[in-house]
Amino acid sequence: MSGLPKCPKCGSEYAYEDGTMYVCPECAHEWAKDALEGADEKRVVRDSNGNVLQDGDTVTVIKDLKVKGSSSVVKVGTKVKNIRLVEGDHDIDCKIDGIGAMQLKSEFVRKA
């Protein structure tokens with residue numbers, strides 16, 4: 001087309017400009033024009049103490065966390081093995097014994 005970038009969410013090549021934003025007509029994703037400049041930089045996720053987290057690390061929960069939609073609680077000191085880092089508000093995707101798959105915020109864990 002006219003040199004416009006593909007949609008970072010769905011890969012559509014039909015994105016168009018709207019002021020200072022790009023818009024994808026297929027998935028309705030919007031992103032800033034200058035957001036693509038830093039796309040090559042890898043995002044760094046840090047725990048509550050400032051240590052850099054990586055996929056496969058083991059972390060420890062530092063605060064009791066209520067499980068949304070359930071009466072269970074993830075207790076302080078719970079070890080979570082083999083984490084996976086993901087995009088979004090909740091940085092960590094993991095499985096916790098006795099509870100199952102869930103997502104955690106990196107600010108509530110520390111690297112073990």
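Residues count as buried under 20% relative accessible area, as exposed over 50%, and as partly exposed in between, with a 1.4 Å probe and protein chains only. The structure shown is a predicted model, in which local features need pLDDT of at least 70 and side-chain atom pairs count only at pLDDT 80 or more, whereas totals for chains, interfaces and linings use all residues. Residues are numbered from 1 along each chain as its sequence is written, and side-chain values use heavy atoms, with hydrogens and water left out.

**View 1. The aromatic pair of Tyr22 and Trp31.**
A pair of aromatic rings is described by the distance of the centres and the angle of the planes. Rings of Phe, Tyr and Trp (its six-membered ring) pair if their centres lie within 6.5 Å; planes under 30 degrees apart count as stacked, over 60 as edge-to-face and the rest as tilted. By this rule the model has one aromatic pair. The ring centres of Tyr22 and Trp31 are 5.7 Å apart and the planes stand at 40 degrees, so the pair is tilted. Tyr22 is buried because its relative accessible area is 12%, and Trp31 is buried because its value is 6%.

**View 2. Cysteines without a disulfide.**
A disulfide is a covalent bond between the sulfur atoms of two cysteines. Here it is assigned to a pair of cysteine sulfur atoms within 2.5 Å, and the count comes to zero. Cys27 is in no disulfide, and the nearest cysteine sulfur, that of Cys7, is 3.7 Å away. Cys27 is partly exposed, at 27% relative accessible area. Cys94, in contrast, is buried, with 5% relative accessibility.

Helices (H or I, at least four residues) and strands (E, at least two) are DSSP runs, numbered from the N terminus. Ala28 belongs to the loop between strand 2 (21–23) and strand 3 (30–32). Asn82 is located in the loop between strand 7 (79–80) and strand 8.

**View 3. Lys63 and its contacts.**
Lys63 lies in the loop between strand 4 (59–61) and strand 5 (65–66) and is partly exposed, at 43% relative accessible area. Not counting residues up to four places away in sequence, Lys63 is in contact (heavy atoms within 4.5 Å) with Val74, Val76 and Phe108. Along the chain Val74 is 11 residues from Lys63, and their C-alpha atoms are separated by 8.2 Å.

**View 4. The largest pocket and Glu87.**
On a 1 Å grid over the protein atoms alone, a pocket is an open set of points where a 1.4 Å probe fits, with protein on both sides within 12 Å along at least five of seven lines; lining residues have an atom within 4 Å of a point. The largest pocket has a volume of about 230 Å³, the volume being the space filled by probe spheres set on the points, which are joined across faces, edges and corners. Lining residues include Lys42, Arg43, Val44, Val45, Leu85, Val86 and Glu87. Glu87 lies in the loop between strand 8 (84–85) and strand 9 (92–96) and is exposed at 64% relative accessibility.
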